[in-house]
Amino acid sequence: MATRRGKPPLAALMATPDEIEAQFYEALQAGDLERLLGLWVNDEFVRCIHPGGPLLVGITAIRASFEALFARGPVAVQPAEVKRLVTEQLVIHQVHERVLVPSPEGDQIAWVLATNAYLKTEQGWRLVLHHASPGQPVESVELHTGNASVLH
C-alpha cells in the first residue's frame, strides 16, 4: 500500500470526465485507495468488474476489491487509446489499457479493454462504472468508430 503524506487530493469539483479519468489511472499507478474512491459516485448503484472477476455492486464492494488489489502494490496501467461517447449528463469511455504484470520470468504486458462511465453530479463528473476485460495489443483491436450512439 502506498505511503500517505497527508490527505490525498479530492477529485476536482466540476472536473471534466477526461480529468477524472486521468486521476483514476494516476491513483491506480500510485496504489492510492482514497484518491481512487474519491472519483466515484458515493452510492450503492455504482458498478465495477475487474478482468475475469465478478460484478461488484456498490462503493463498499468496490472499496474492498481495490483494497485487496493494492495490497499487492500499485497497478502499472496506462491508457493506450480512448474512444468517447459524450452526452450532457453521461460520458462513456472505451479505453484500451496497457498493464505491466510482474512475473518471476520478467515483467509481461497485458492488454485490457475497459469501459468507464462518468455521470454529471452536484459534485461534478464522477465515475459510476469501470468494466474491464482481457484484450489484445492495440494494433490488432478495432474499436467501433461508426454511429456515435453505439459503442460496439
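Start by selecting R84 and D18: their side chains meet in a salt bridge, 2.9 Å from N to O. The term here means a side-chain nitrogen of Lys or Arg within 4 Å of a carboxyl oxygen of Asp or Glu. Now color by secondary structure. R84 sits in strand β3 (residues 76-86) and D18 in helix α1 (residues 17-30), so this pair ties together parts 66 residues apart in sequence. Helices (H or I, at least four residues) and strands (E, at least two) are DSSP runs, numbered from the N terminus.

Before you click on, a word on the model: it's predicted, so local features need pLDDT of at least 70 and side-chain atom pairs count only at pLDDT 80 or more, while totals for chains, interfaces and linings use all residues. Residues are numbered from 1 along each chain as its sequence is written, and side-chain values use heavy atoms, with hydrogens and water left out.

R84 is partly exposed at 47% relative accessibility, and D18 is partly exposed at 37%. The classes: buried is under 20% relative accessible area, exposed is over 50%, and partly exposed is in between (1.4 Å probe, protein chains only).

Next, select R35 and E26. Their salt bridge has its closest N and O atoms 2.6 Å apart. R35 counts as buried at 17% relative accessibility, whereas E26 is partly exposed, at 37%.

Then pick K83 and E81, whose side chains form a salt bridge at 3.6 Å, N to O. K83 is partly exposed, with a relative accessible area of 26%, and E81 is partly exposed with 24%.

How many salt bridges does the rule give? The count comes to 4.
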